[in-house]
Amino acid sequence: MPLMTSINTKLLAIVVLFAAISGVLIGLWQGAEESRRLQQGYDERLQMLGERYRDRLTQEFARRQNLLVATRDALADSLIRTAGDTVPLDFGFQRDPDGAVREYLGESGLFIHRDSPITDDMRRLVYHTNGTWLNIEPLLKTQFNAFYLITKDRVSRIWPASLVSGHLPAHDVTQEIFYTLAAPVENPLGKPRWTPIYFDYYPQVWTTSLLVPLYVNGQFEGVVGADLDMSFLFSQINQLESDFESLNGFIFSADGELILHGDQSLSAPAQQRGDYEVFNQRAELSPGMREFIDRSRSGQWPPGGVYNHELRGDIQRISYQPLPELDWYIGLHYPESMLESRHAETMMTIYQNIAGMLLFLSLGMYYGLKWLVTRRILKLADMTERIGADNWSIRLPESGNDEISQLARGMNRMLEKINELFRGLNNSIQDMERLAYYDQLTGLENRLLFKEQLRTALYAIRREDQNLALLYLDLDHFKDINDSLGHEAGDRLLVSVSQRLRACLREEDSVARLGGDEFAILLRNVSEPRYASVVAEKIIDALGYPIRLNAQEVVVGTSIGITLAPDDSRDLELLMRNADLAMYQAKYHGRNVYRFYTPDMNREVEQRLRLERELRLALQNHEFELYYQTQLDMQTGRVVGIEALLRWNHPERGLVPPNEFIPAAEDSGLIVPIGQWVLRAACQQAKNLYKAQFKHVKVSINVSARQLSDRDFVSDFKAVVRDTGVEPEQLVLEVTESTLMADTQVALAHLHALRTLGVGLAIDDFGTGYSSLSYLKRLPVTCLKVDRSFVQHLPADDEDRAITTLIVAMANSLNYRVVVEGVETEPQWAFLRECGCHFGQGYYFSYPVPVEQLMVGLLEAQKRH
Ligand SMILES: Nc1nc2c(ncn2[C@@H]2O[C@@H]3COP(=O)(O)O[C@H]4[C@@H](O)[C@H](n5cnc6c(=O)[nH]c(N)nc65)O[C@@H]4COP(=O)(O)O[C@H]3[C@H]2O)c(=O)[nH]1
């Protein structure tokens, strides 16, 4: 899967995008917060450092002040203690040539103005303080650059002594700030005083001097002073533990003078500016510093706060603290740009952290999504792929209750539904196949499937050099059975027939119901035509046995047409037509037989079709005529009946006997209207006979099975009787034995109805069928007509003699009238009369003749008797 098409990657991209945006926003917010915190932190530290700096300085100054105050007190005490003591006389001072006294007392020097007289007080003071001085001197040396005692009478003792040598003889120390600042005029309360910072030329350092007035017994005697190297102030700043790279300090006095500023200490040496002028730096201060000091002093920026202020072109964060003992203020500042660089560093760290976090998050998301989502979706996709490849039984894993599990559950439910639909669909397909390919009633193949089977079989024989046989068959008299017993019985008959057919065949053979009572059979691997004959005979035999339908048994014959492939044809349609033709021929030529297809069958069928067409025309053109053949009493020779025999006066072929057209009329159904015509004509003739005083002459009319099973037959018959006015008792309907054997309900009902009307019923061609006596007894039969085939060889043929004798005896015993047909000779007549036969019909007595000739004959016969 391409990287960008994966859900995981897309989700990841979205997550990373949102995380990045959030990261940037958080970074910005955190940056702002951090900047604020940074500034606040630095400001607090700045304040804290200021306070610490202040405290340290306070301590430093206080410690030194205490030390000097203690020195002053020690000196005062030694003077007080030695108030009455004398000074050795040899203790005095030598004036230098310039008049001033410059003497060394240990490490310190003594200087007296040239104009100051050397008094005892002077001597006593120096003498009695000398011991104390010398004791204290080592300690003071460690704390001050210089220390001194200046008396009101212009004596000064200074450590180090070297300082004295530089004094001019008229140098008046009492006029200097080191004296005046602490003297009672400027310092009436007698407090220790600190001078402003000044640049001390000798040690070349910035210096301040601490001055303490010396009072002895309440009287001002002078000033004790010490010089302090201010560089310690800077060292104090440096000693402050700080990560401020550019922390700077400054000190300014309450009256607005800048006492110290780190930068200035380095870059602006004061010696260029004269003695003490250096302390007043108002004029030289940078405008920024000036402004700051002014704002501080005006109260606009009170001490303790942190202020943004520009110093020397840079914005600084400045804070300052008061140093109360000195009336000084200590300020600290750092450039704001430092904050920016710190902020930039912090931001860099923040963004690095966010980037790291994002990377971690992205990887976590990626693998998390992969594990939780993509892997499972891919699994689902893989399984749906497999399902799509017809593995519909696969079910997706449903563990858990998250969205994917819900999806899997939903899809499983869908699969169940699809499977159900498939099952339904398969059933429907099977049903449709059954409907499409199988006959619903019998379960046999239908025409469609059979044709497919035949087509496949034809391909096979082409490949494998084999033969096949195609059999068509239909049931004789099926329509009659159907009409008389009803469709349900007809259906059951078809089912039974199909079962029998199946039983006659091998597994590899196919049998289909083509429709109605038509069946087709495909025999594969028929190496010789006779095998097809064997099967056909087997079928005829199997269907020859009665079939039980409800309470009745019926016998159906069948006519089978057979065609062979590839001998007759390789073409499917042609083969089917051949089989149909052959079946048609079989039926035409006798039923219950089979016929192989022959090419001349086509011609025969054509002839038959033409015949049917002509028959139809014959009916319209009144080309039919009835001939009558008499039936005589064998004993008396009297005419007892006549049989109406149909003749066709064909315009070209002349008189056509019934055997040539009755089968075609029956097959085509034309027998029904033709039979109607015969019935009406014969009834008319019967009425005529009746009128002509031949009422005892019965008129026999042939009725075919097809007519008899016609539903309207009885009502039509009644109508004819009514129309012609004939007496039903004068009529005899002749029904062939095979017609009765069909034994349909309708035909039987009609026979009974006719019999009830008084019509006689004769079984024609008796002896040629299989009717049993018990069966005959159930029929309303009045007459048996013995078939002429039994008479033909009489009296010579023993068998025929026996049969004829038996039939006549049986008929007599059952009280049936017996008419023997086909009596042609006198011996035949003699034999039949002897064996008890009552009536006869045949050429011996009369040929069938037209009605006029019949009447002449009847009249002649009447005269004879
Ligand atoms: N060899 C010989 N034949 C004799 C002799 N005496 C009579 N016949 C013939 O035997 C047939 C008797 O009629 P069938 O058995 O009912 O047999 C009839 C009957 O089954 C049928 N048929 C005739 N007319 C009708 C009709 O109107 N309706 C129906 N359904 N069938 C008819 O056609 C069959 C043949 O009729 P036909 O040709 O008229 O033939 C008649 C008749 O001419 C004889 O001594 N020797």
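Of the 865 residues in this chain, 36% count as buried, where buried is 20 or more other C-beta atoms, placed from the backbone, within 10 Å of a residue's own. This is a predicted model, so local features need pLDDT of at least 70, side-chain atom pairs count only at pLDDT 80 or more, and totals for chains, interfaces and linings use all residues. Residues are numbered from 1 along each chain as its sequence is written.

The chain's secondary structure comes to 26 helices and 30 strands; these are DSSP runs, H or I of at least four residues for helices and E of at least two for strands, numbered from the N terminus.

The axes of α19, residues 713-724, and α21, residues 745-757, come within 9 Å and cross at roughly 25°. Axes here are lines fitted to C-alpha atoms over the stretch in contact, with angles from 0 to 180 degrees between N-to-C directions. That makes α19 roughly parallel to α21, the term for angles under 35 degrees. F713, V714 and F717 of α19 make the contact with H750, A753 and L754 of α21; contact means C-beta atoms, placed from the backbone, within 7 Å. By class, five of these residues are nonpolar, one is polar and none is charged.

Note on methods:
Parallel < 35°, antiparallel > 145°, perpendicular 65-115°, else oblique. Contact = placed C-beta atoms within 7 Å. Nonpolar A, V, L, I, M, F, W, Y, C, P; charged D, E, K, R; others polar. Buried ≥ 20, exposed ≤ 12 C-beta atoms within 10 Å, placed from the backbone.
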